[in-house]
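User: I would like to learn how to read helix packing and chain contacts in a model like this one. Could we go through it feature by feature?

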2 protein chains.
Amino acid sequence: MDPIVELEMQCRRAKLASRKLAYTGTAAKNSALEHIADDLLSQKEVILEANAIDQLDARKIGMAPAMLDRLALTPHSVDLIAADVRSVAGLPDPVGEIFDMRTLPNGLTLGKKRVPLGVIAAIYESRPNVTIDITALCLKAGNAVILRGGKETINSNRALVKIIVGALERAGLDPNVVQFIDNTDRSLVPHLLKMNDQVDLVIPRGGTGLIKFVKENSSIPVVAGGAGVCHTFVDASARVDRATAIVYNAKVQKPSACNALDTILVHKDIAARYLPEAAAELAGSGVELRCDPRSLAILGSLPGLKLVPAVDADWGKEYLALIAAIKIVDSLDEALDHIAAYGDGHSEAIITEDYTNAQRFMNEVDAAAVYVNTSTRFTDGAQFGLGAEVGISTQKMHARGPLGLKEITSYKWLVYGSGQARP
Amino acid sequence: MDPIVELEMQCRRAKLASRKLAYTGTAAKNSALEHIADDLLSQKEVILEANAIDQLDARKIGMAPAMLDRLALTPHSVDLIAADVRSVAGLPDPVGEIFDMRTLPNGLTLGKKRVPLGVIAAIYESRPNVTIDITALCLKAGNAVILRGGKETINSNRALVKIIVGALERAGLDPNVVQFIDNTDRSLVPHLLKMNDQVDLVIPRGGTGLIKFVKENSSIPVVAGGAGVCHTFVDASARVDRATAIVYNAKVQKPSACNALDTILVHKDIAARYLPEAAAELAGSGVELRCDPRSLAILGSLPGLKLVPAVDADWGKEYLALIAAIKIVDSLDEALDHIAAYGDGHSEAIITEDYTNAQRFMNEVDAAAVYVNTSTRFTDGAQFGLGAEVGISTQKMHARGPLGLKEITSYKWLVYGSGQARP
């Protein structure tokens with residue numbers, strides 16, 4: 001069959017199957033998730049064998065070690081994936097919540113009911129765990145899902161999808177609610193991105209190239225996150241010990257994360273006291289510091305630091321590595337202006353003991369998450385108490401910050417009348 | 001100046017000005033709205049003179065009477081526009097609401113704060129009142145606005161924008177929060193639709209051609225509504241008098257509205273009793289009925305009806321006129337399937353005395369608003385108690401149904417720490 005026609009048929013099947021899934025009860029959805037978790041464990045060998053083929057193919061084409069790492073599954077990682085599926089099964093079902101219900105003077109009783117979005121397409125690269133993660137989250141929230149993984153994990157994905165389909169059937173759900181595009185031809189993606197009659201949301205997971213392409217070519221709403229240039233502003237009144245520990249955590253605890261610190265902004269009145277201590281702590285974990293002239297003047301003569309003069313490109317740069325830029329500012333206003341100019345609306349923090357400055361920062365910084373006296377590393381669905389996350393949104397429409405189950409739902413208005421006509 | 005460069009500069013100015021507007025207090029925003037309302041009244045003659053030029057130009061190019069009607073302002077319509085602005089000033093300010101606030105076991109206190117979206121671009125045709133309406137709603141919700149009206153109302157819009165700018169200045173707000181694109185060259189629109197770094201939301205208001213173009217060409221999120229194929233299903237157990245009155249209201253009260261009834265689905269067991277009565281009532285207001293073969297068999301011999309055999313194109317057709325399609329179905333399931341196939345997710349109603357069928361309809365129909373025993377004409381921001389509306393969304397992302405002030409806001413996460421680091 002023509003691959004485009006096949007793609008369209010898959011999208012139509014997903015849409016059709018999503019109608020019934022939307023009002024399928026929690027027990028049936030959880031049963032499917034438990035079957036998926038069971039089968040991941042019982043068929044671990046099959047999965048690892050398929051994954052070994054992907055790894056071999058990847059080595060043949062000389063894939064970089066970091067990429068190889070992402071696609072590799074181990075017995076332990078399969079256990080973790082299964083455990084994650086069970087934890088999604090344990091989360092409250094967001095669907096069916098009734099809210100804002102009230103009776104109007106004309107007797108109409110109306111309000112909102114939380115419903116699934118419908119059909120979510122996931123376009124992703126490398127990591128085969130995304131196949132299971134995103135399927136589990138979509139199913140729990142009552143959404144059908146269209147999976148479009150990368151060609152580098154096609155064998156792993158086939159094995160995982162087989163498990164998903166079997167689990168859906170055993171749970172009595174229509175297996176059409178999960179559609180796997182078993183064709184890694186890149187030219188199919190633009191066609192998928194135009195299926196706005198069938199697909200309600202596209203979630204790209206992968207590098208900035210993929211995300212940019214999806215955003216620019218989709219006529220379906222896109223929620224993409226991931227990128228995050230995160231600033232921490234050390235105010236004049238900050239406690240030096242606290243500022244040192246928080247900045248260290250934000251930079252070092254997981255430098256590859258999108259919520260890791262990129263730029264340290266330091267008030268001029270605390271720089272001479274704060275920077276030597278902070279720099280020594282960061283240097284202990286091998287952090288390279290890209291310094292503006294004023295911070296370089298303070299740190300330049302100290303031993304054991306990896307210092308590099310900052311260039312323009314360092315402001316607004318997401319490092320995803322043990323590198324931080326440092327800039328001394330004259331005031332809170334200068335810090336706010338710098339964040340407005342170079343931040344991308346992910347996570348921003350102030351370290352301060354000044355009440356008014358804390359309040360101004362929280363009010364005036366426009367980002368998904370704004371922090372006072374703690375680490376930007378907390379921007380995460382599990383850390384925020386959402387249970388799990390599909391991703392982190394840096395756009396303002398629909399949902400901002402970590403996307404949990406509730407964030408992949410919509411609502412509809414219910415209106416109960418008794419013969420009312422509009423006057 | 002090059003018009004594209006000028007457009008980009010306007011978008012940048014709006015973005016910059018939106019930062020401060022986001023945390024401007026309610027009193028200052030309301031003061032600007034009151035000044036706009038005052039000046040609309042005090043400068044009514046100036047507005048009407050500008051509008052007279054637009055009307056003359058429109059007549060010269062032979063504009064259709066319905067279009068001419070839309071662009072014409074009268075002393076009374078200016079009064080109404082001013083009254084609407086005052087009523088927006090009287091609505092509660094959605095910005096600043098704190099919700100979902102809680103303290104986690106690690107001592108972090110976090111929650112959400114409602115904030116403006118930022119910059120909203122309105123692309124619209126004909127009606128000059130949109131210039132004021134959308135500006136008032138955007139300002140009240142703390143959003144900067146970029147106005148791109150049609151060339152047919154350029155003189156009216158210039159006069160109205162002059163009033164807006166003066167009012168902003170007198171209220172002490174930065175007039176850059178409202179940017180009027182004083183250039184009606186259509187080739188500018190695609191450039192505007194790519195300004196995703198400056199513009200957070202695009203609202204197209206106009207014909208389906210405009211909406212389709214914006215949806216397909218925008219890299220900025222779009223909320224477009226307007227179109228609505230609305231069904232009312234008269235179930236076997238419906239009270240005939242009630243079903244007749246509700247269908248009459250849904251079709252006749254304002255046939256040009258997007259929430260007006262298009263197709264009547266009738267259960268076969270009630271058709272012979274219901275249809276003659278309903279058809280007579282509708283015929284009294286001149287409604288043309290497009291009948292499927294079974295309904296034609298019932299109505300065909302009755303006097304005084306405007307009957308036309310339905311063709312395939314009548315199912316899923318939005319008439320915006322005194323026309324309704326009628327189809328007899330064998331069951332609730334057939335009605336649900338018809339609505340799923342031909343509805344576009346706007347407003348759908350069931351008329352029934354059967355509890356289970358009412359519940360099934362409310363659960364299973366996927367639309368912005370689902371109704372039992374009342375008229376789809378109620379899908380409207382003011383009728384739903386939202387105070388005012390920017391439009392009606394038929395998509396599922398962000399907000400569904402009438403978009404009030406709250407629906408043109410976003411939120412940010414506030415996280416208050418005391419030195420916490422992520423373990």
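Analyst: The crossing of α3(B) and α5(B) is right-handed, where right-handed means that the near helix is turned clockwise from the far one by less than a right angle, and left-handed anticlockwise. This is a predicted model, in which local features need pLDDT of at least 70, side-chain atom pairs count only at pLDDT 80 or more, and totals for chains, interfaces and linings use all residues. Residues are numbered from 1 along each chain as its sequence is written, chains are lettered from A and ligands numbered from 1 in the order written, and side-chain values use heavy atoms, without hydrogens and water.

User: At what angle do helix α3 and helix α5 of chain B pack?

Analyst: Axes are lines fitted to C-alpha atoms, for helices over the stretch in contact, with angles from 0 to 180 degrees between N-to-C directions. Helix α3 (residues 44-60) of chain B and helix α5 (residues 75-90) of chain B pack at about 120°, their axes being 10 Å apart.

User: Which residues meet in α3(B) and α5(B)?

Analyst: Contact means heavy atoms within 4.5 Å. Lys44(B), Ile47(B) and Leu48(B) in α3(B) meet Pro75(B), Val78(B) and Asp79(B) in α5(B).

User: How many residues of chain B are in contact with chain A?

Analyst: There are 73 residues of chain B in contact with 72 residues of chain A. Buried area is the accessible area (1.4 Å probe) that two parts lose on being put together, summed over both; chain B and chain A bury about 6000 Å² between them, 50% of it on carbon and sulfur atoms. In chain B, Met397(B), Trp413(B) and Arg422(B) lose the most area to chain A, together 15% of what that side buries.

User: Into which domains is chain A divided?

Analyst: Domain bounds come from an automatic or database domain assignment, which gives chain A domain 1 (3-224 + 402-415) and domain 2 (230-378).

Definitions and conventions
Helices (H or I, at least four residues) and strands (E, at least two) are DSSP runs, numbered from the N terminus.
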